[in-house]
Amino acid sequence: MPGVISDKERLWQVVSEAVDRTPVTDMHTHLYAPAFGCLGLWGVDHLLTYHYLIAETMRQTSLSYEDFRALDRKAMAEHVWRTLFVEHSPYSEACRGVLTTLGRLGMDVSSRDLSTYRKWYEGLTYRRFVDLVFSVAKVKTAVMTNDPFDPEERELWLKKGDELKKDPRFRSSLRIDPLLYDWKNQYRVLRELGYDVGPEFSPGNRRTVEETLRFLVDWGRRMDALYLAASFPPDFDYPSNSTASDLLDHCVLEACSRLNIPFAMMIGVKRRVNPSLGLAGDMVGRARVEAVERICARHPDRRFFVTMLSRENQHELTVLARKFRNLMVFGCWWFLNNPSLVEEITEMRCEMLGTAFIPQHSDARVLDQLIYKWDHSRRVIARVLYRKYETLFDTGWRLTTNEIERDVSDLLDRNFWNFVKGM
Ligand code: HDL
Ligand code: ZN
């Protein structure tokens, strides 16, 4: 066969280059296209005030939560820099990520001079910076988390509509946590938007069911959403006597059917265990994989992206994916997005799912983060994939460069699009 790889040194070279160069589709981010204006976060001060770094700073500073929150963005960034990068060595994953990003953008990280980093960004626009970051990070598409229950974003969709969808590098997902878990307040949003829903959601209230379904389909079409998504607490169960379970059965999965798109479930987050930390105050909890088993079994015609937040859930979830072809496991989410855990989880998935999973998403909130989140993940994924191909090589099996590039493209890009399209 042409291009057969005949030794392990060449094998490593082919694997590492394929993983390093393959443009990725990043299926879950909190980034925004330039048309969303100030919703798009970028620059070194936003990098330094990422909620992961705020959680780490608050462990090392004597400042009270209130005094820290009262700081303006620049002062907050300077406090994080001083606390985590000057007074202590910045080897945590989120700290290292800042330095990887600045270095990959061409700054002299060894200067340790925050003012020179800030100066580097001067004169840049967000739009121009999108071009640069997508090129450096080799990201081809970033899927946004679009929330119609966020008043600022909702207004943008109502006023600017299709203008928000013009940049093909940014695609939408329709995020519906508030509908599932805060109906008593959020039903008012649907009523304001012209959907005749009542203060209680019950399957017996056909008008509310039909109007909620109409809302989901209308907004899925408005956004051209690639999937509907929600996060779920550790105690999520399905089916269960709960508004969330009823909404899934009577509205959400039917909307996915009419839109012919998957439903993404991100399971195992306990919101605001420490409210003083804001976004940084969320916790992980072991969840019920049986709930995923039951929803996949009860809805064989629906497609489910699933990621779980607890390390303890990963083995069961991987085995479950072997049982249900309508289940696509994705990412090493949030507290799992650390090299030691990405390595463990990715190896387990390779061993049980072959190439039929999506190893990573960035969850980036600040545009610059695409650079480090994908740089760090690619290195681990390359190491794991090399080990898999090496054991294959030891059996006498021989691979070609094209085959390895095919597999890597499946993992980092095609698996996502094929699952969205139901192929
Ligand atoms: O619910 C989610 O989408 C999570 O990813 C949260 O946004 C979380 O705050 C986060 O950014 N994790 O990386
Ligand atoms: Zn997220």
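What follows is a chat about the zinc site, the pockets, the cavity and one proline, all in a predicted model.

Colleague: Which protein residues are donors of the zinc ion (ligand 2)?
Modeller: Going by sequence, the donors follow the spacing H-x1-H-x332-D. They lie 2.0 to 2.1 Å from the zinc ion (ligand 2). The histidines give NE2 and the aspartate gives OD, and the residues are H28, H30 and D363.

Colleague: Is H28 buried or exposed?
Modeller: H28 belongs to the loop between β1 and α2. Its relative accessible area is 3%. The cut-off for buried is under 20%, so H28 counts as buried.

Colleague: Which side chain makes a polar contact of 3.4 Å with that of H28?
Modeller: Leaving out neighbours within four places in sequence, H28 is in contact with residues including V143, T145, R175, Y227 and D363. One of these has a side chain joined to that of H28 by the polar contact of 3.4 Å, and that is T145.

Colleague: How many charged residues are in the lining of the largest pocket?
Modeller: H30, a zinc donor, is among the residues nearest the centre of this pocket. Sorting the lining by class gives 18 nonpolar and 8 polar residues, and the charged ones number 12.

Colleague: Which residues lie closest to the centre of the second largest pocket?
Modeller: This pocket holds about 450 Å³ of space. It has 21 lining residues, and α3, α6 (93-104) and α17 each supply at least two. By class that lining splits into 9 nonpolar, 8 polar and 4 charged. Closest to the centre are Y52, A55, E56, F335 and N338.

Colleague: Which element gives the most residues to the lining of the largest cavity?
Modeller: Searching the whole structure turns up 1 cavity of 30 Å³ or more, with a volume of about 30 Å³. Its lining is E93, N337, N338, P339, V342, H376, S377 and V380. Both α16 and α17 supply at least two residues, but the one giving the most, with 3 residues, is α17.

Colleague: Last one: how far apart in space are P234 and P275?
Modeller: P234 is in the loop between β4 (225-232) and α13 (243-259), and at 14% relative accessibility it counts as buried. Not counting residues up to four places away in sequence, P234 touches G268, V269, K270, G285, R286, A287 and R288. P275 is 41 residues from P234 in sequence, and the C-alpha to C-alpha distance between them is 18 Å.

Methods: Residues are numbered from 1 along each chain as its sequence is written. Chains are lettered from A and ligands numbered from 1 in the order in which they are written. This is a predicted model: local features need pLDDT of at least 70, side-chain atom pairs count only at pLDDT 80 or more; totals for chains, interfaces and linings use all residues. Side-chain values use heavy atoms; hydrogens and water are left out. Donors are N, O and S atoms within 2.8 Å of the metal (3.2 Å for Na, K and Ca); water is not among the atoms, so sites may look incomplete. On a 1 Å grid over the protein atoms alone, a cavity is a set of points where a 1.4 Å probe fits but cannot get out, and a pocket is an open set with protein on both sides within 12 Å along at least five of seven lines; lining residues have an atom within 4 Å of a point. Ala, Val, Leu, Ile, Met, Phe, Trp, Tyr, Cys and Pro count as nonpolar, Asp, Glu, Lys and Arg as charged, and the others, Gly among them, as polar. Grid points are joined across faces, edges and corners, and a volume is the space filled by probe spheres set on the points. Helices (H or I, at least four residues) and strands (E, at least two) are DSSP runs, numbered from the N terminus. Buried means under 20% relative accessible area, exposed over 50%, partly exposed in between (1.4 Å probe, protein chains only). A polar contact is a pair of N or O atoms within 3.5 Å; within protein, one must be able to donate a hydrogen and the other to accept it, and residues adjacent in sequence count only if both atoms are side-chain atoms. Contact means heavy atoms within 4.5 Å.
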